[in-house]
Amino acid sequence: MTRIYPHIIVAKFGGTSVADFDAMSRSATLVLADKNVRLVVLSASAGVTNLLVELASGLESHVRLDKIETLRILQYNIISRLKQPDAIGQEIDRLLDNISRLAEMAADSCSAALCDELVSHGELMSSLLFVEVLREQEVETEWFDARKVIRTNDTFGCAVPAISVIAELAEKRLRPRLEQALVVTQGFIGSDAAGQTTTLGRGGSDYTASLLAEALQASRVDIWTDVAGIYTTDPRIVARAKRIDNLSFSEAREMATFGAKVLHPATLLPAMRKNIPVFVGSSSNPSAGGTLVCRDVLEPSRYRALAVRRRQTLLTLSSVKAQPAHRFLADIFGILSRHEMALDLVTTSETSIALILDSTSSTSGDADTLTTALLTELSSHCHVDVETGLVLVSLIGNALSQSTAVCQEVFAELEQHAVRMICHGASNHNLCFLLPAESADSAVKALHRRLLE
């Protein structure tokens, strides 16, 4: 008999939550604890995506074979714990063979499209294995290929979802299945109009969960990871970092955008559009609680968190021609637009522009951030200076651009640091500055001690 679930919960599990058989079993227990969890979105098992990205870069034969063997061992460490391993073992072997074939192709000629096709296999394998773990607990479970619903453009490595198409496909192809069985699908991956596999960028499984929740008008998204919520900063930097029990969408979005790795930066956009709360908790310690992200928070404090984003590049462009400022700015931003450069922080003067390039979001890493074509075209219009090895530190809070003494309190702790760039005032929720990598952690510790402890 078909059951109607009016309050669908979408549960997403990160790589550490499906790293091995024991982790998958804990995650399965969490899924079964709430009958409203009807859709499960999985990342690849921990470490798998990194191996696949390496294979996609093009490796020599002996190195390639070693990486594939490591992948095989990771998968069979899970398969060997299953009661009936034979059937799923054959399916995983087929995927491993496909990985080997694609990696060999990548060794001859790399491409972003080939990279996406190859790295998608991490989520395909983890989701197939998780289905078997659930079925062994006698749960009616169905595996579903996310590429049938997550439609994107063809910007490989960081594809843009087609929201209206996803909503239509989810209603047609996915919702009927949720009423018949618990459905397990993949995060991170999608397909373009031609059927080619695409990816949403590193960490994109969170985004997938939120997109599907929006399309299905779910009541909540649960993000299960290796930490019990979102903290005032990275606990690996500051041991005294504290969990924030409640965050507004605006606060959490700023944190994710500027480096808090617990959530993918785009995750909250679909949830915000449909006002769907997002819970973040630890799959290994669910009783520890977590962070609930929703539309409004009562009496939020001025300072909420410090976000850290590493591997930043500062691009400084200085005019070498006698031309009006507006013409220089228009020329430069036109070039950046043609090359589809994603910019989130920019400062300008009459004759120069400084902007930050983030190399942490795309599947293919930082190799494609500054192409030869882009640098050549920029150099024909201005002097180009590139500085790498930088870290973006962002103070996240509320009404920061209207509050007095914010700059005094922040920069009093930065007197001994060479601040390379400052952005303040464009948002009420952040004050951002760029620091050399070697001094960033000490600055974060000092700021956290003064503002958040």
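**Stop 1: helix α2**

Select residues 48–56, which form helix α2; buried here are Val-48, Thr-49, Leu-51, Leu-52, Leu-55 and Ala-56. Now look down the axis of α2. The buried residues fall within an arc of 160°, so they line one face of the helix. What do the buried residues of α2 pack against? Show α3, α4, α5 (112–119) and α6 (121–135): these are the partners. Then step just past the end of α2 to Gly-58, which takes a positive phi of about 95°.

Keep in mind that this is a predicted model.

**Stop 2: an aromatic pair**

How many aromatic pairs does a search of the whole structure find? The search finds three. Select one of them, Phe-13 and Phe-130. Their ring centres are 6.1 Å apart and their planes meet at 40°, so the pair counts as tilted. Buried or exposed? Phe-13 is buried, at 0% relative accessible area. Phe-130 is buried too, with a relative accessibility of 0%.

**Stop 3: Ile-9**

Stay in strand β1 and select Ile-9. Ile-9 is buried, with a relative accessible area of 4%.

**Stop 4: Thr-141**

Move to strand β3 and pick Thr-141. Thr-141 is buried, at 5% relative accessible area. Follow its side chain: it reaches the backbone oxygen of Val-139 at 3.0 Å. Now show what surrounds Thr-141. Not counting residues up to four places away in sequence, Thr-141 touches Val-131, Leu-134, Arg-135, Ala-181, Leu-182 and Val-184.

**Stop 5: salt bridges**

Side chains of opposite charge can pair when their charged atoms come close. The count for this structure comes to 21 salt bridges.

Start with Arg-81 and Asp-22. Their closest N and O atoms are 2.9 Å apart. Arg-81 sits in the loop between α3 (61–79) and α4 (86–108), and Asp-22 sits in helix α1 (residues 21–32), so the pair ties together parts that are 59 residues apart in sequence. Arg-81 is partly exposed, with a relative accessible area of 43%. Asp-22 is partly exposed as well, at 39% relative accessibility.

Next, select Glu-142 and Arg-177. Their side chains meet in a salt bridge, 2.6 Å from N to O. Glu-142 lies in strand β3 (residues 141–143) and Arg-177 in helix α7 (residues 163–178), so this pair ties together parts that are 35 residues apart in sequence. Glu-142 has a relative accessible area of 23% and is partly exposed. Arg-177, at 29% relative accessibility, also counts as partly exposed.

Asp-441 is partly exposed, with a relative accessible area of 29%. Arg-310 is partly exposed at 35%.

**Stop 6: the cysteines**

A disulfide is a covalent bond between the sulfur atoms of two cysteines. How many disulfides does the structure hold? It holds zero.

Select Cys-158 first. Cys-158 is in no disulfide, and the nearest cysteine sulfur, that of Cys-115, is 12 Å away. Cys-158 is partly exposed, with a relative accessible area of 34%.

Finish at Cys-432. A disulfide here needs the sulfur atoms within 2.5 Å. Cys-432 counts as buried, at 1% relative accessibility.

Conventions
Residues are numbered from 1 along each chain as its sequence is written. This is a predicted model: local features need pLDDT of at least 70, side-chain atom pairs count only at pLDDT 80 or more; totals for chains, interfaces and linings use all residues. Side-chain values use heavy atoms; hydrogens and water are left out. A salt bridge is a side-chain nitrogen of Lys or Arg within 4 Å of a carboxyl oxygen of Asp or Glu. Helices (H or I, at least four residues) and strands (E, at least two) are DSSP runs, numbered from the N terminus. Buried means under 20% relative accessible area, exposed over 50%, partly exposed in between (1.4 Å probe, protein chains only). A polar contact is a pair of N or O atoms within 3.5 Å; within protein, one must be able to donate a hydrogen and the other to accept it, and residues adjacent in sequence count only if both atoms are side-chain atoms. Contact means heavy atoms within 4.5 Å. The arc is that of the directions from the helix axis to the C-beta atoms. Rings of Phe, Tyr and Trp (its six-membered ring) pair if their centres lie within 6.5 Å; planes under 30 degrees apart count as stacked, over 60 as edge-to-face and the rest as tilted.
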